[in-house]
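Please keep the model open as you read.

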Amino acid sequence: MYAIISLIVIIVISIIVVRVATVALTLTGLSTPLARFQARSAFTSTGFTSSETEKVMRHPVRRRIIMMLMILGNAGIVTAISSLIISFVGADSSSGLWLRIVLLAGGLSLLWSLVYSEWIDQHISRIIQSALQRWTDLEIRDYAGLLHLTGDYIVVELNVNPDDWLAEKKLTELKLDTEGILVLGIEKPDSSYVGAPRGETRLEIDDRVLLYGKASVLRNLDERRSGAAGNWEHHKAVDEQQRSEQVSQI
């Protein structure tokens, strides 16, 4: 019985650790879904894709958080497995075994409902964020709040491919601002980064462009190909943006 209680306590601690790491990663500028995925992946040692690894390894604060998660995750998983084995090996009869299974299932079900409760998630995240701001020197940047990344507005990374409408053009030629799109930065193939690029900056093949705007407009831009068809899509997007601005001014 004590082994089952110990197992549930370990799981609770693990959930709290992952939650704290998720909030901490979010405060470094990652989106909540990506921060949650990276925290869980690091804690369970399942790994990331190469692009996600780069985002972590090039940021010193994120790197420390992920390393700590890996250490705690390895210790927690081993302890949890040990407690699980002990909890069932010690059963004296079939009735005792079933009682332990029921208790374990009930405890895990309760934890599952608590973990996926939006009300609890919001309050816990607020408490963790306040604690991190008060007792750590973590650099706080709530980019999602600053950019109003809710509803239609998002930040995306687009790869510039040879047949893209964006390829081998200067920002002054593209006039993305007339579509309501802001170019926040450009990552070059050699890993160099151009922040807040100016109009004479050229988008080259294999560049990764960080853009801010409406999801529908950015989706259209990602699918836009070079040539007359791409130019026509650009003009339609500009007209749509102008209509949207006129409506908002009424």
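What percentage of the 250 residues of the chain count as buried? The share is 32%, where buried means under 20% relative accessible area, exposed means over 50%, and partly exposed is in between (1.4 Å probe, protein chains only).

Before going further, a word on the source: this is a predicted model, in which local features need pLDDT of at least 70 and side-chain atom pairs count only at pLDDT 80 or more, while totals for chains, interfaces and linings use all residues. Residues are numbered from 1 along each chain as its sequence is written, and side-chain values use heavy atoms, with hydrogens and water left out.

**The whole chain**

The chain has 10 helices and 6 strands; these are DSSP runs numbered from the N terminus (helices are H or I with at least four residues, strands E with at least two). Among contacts (heavy atoms within 4.5 Å) with a separation of 6 or more, 67% come from residues 24 or more positions apart.

**The sheet**

An open sheet is formed by 4 strands in the order β1-β6-β3-β4, with antiparallel pairing; two strands pair if DSSP finds at least two bridges between them. Because β1 and β4 stand at the edges with a single partner strand each, one side of each is left without a neighbour in the sheet. Neighbouring strands are turned by 20° against each other on average, direction ignored. Axes here are lines fitted to C-alpha atoms, for helices over the stretch in contact, and angles run from 0 to 180 degrees between N-to-C directions.

Strands β3 and β4 are joined by 3 bridges, and Glu187 has Tyr193 in β4 as its bridge partner. Helix α9 (residues 215-223) lies across β1 and β6, and runs at about 140° to β6.

| β1 | 153-159 |
| β4 | 193-195 |
| β6 | 208-214 |

Helix α2 has 13 residues and reaches 18 Å from first to last C-alpha, close to the expected 18 Å (1.5 Å times one less than the number of residues). Its buried residues include Leu34, Ala35 and Phe43. Arg36, also in α2, is partly exposed at a relative accessible area of 24%. Leaving aside residues up to four places away in sequence, Arg36 touches Arg19 and Thr22. The C-alpha atoms of Arg36 and Arg19 are separated by 7.8 Å, although the two are 17 residues apart along the chain. Just after α2, Ser45 takes a positive phi of about 60°.
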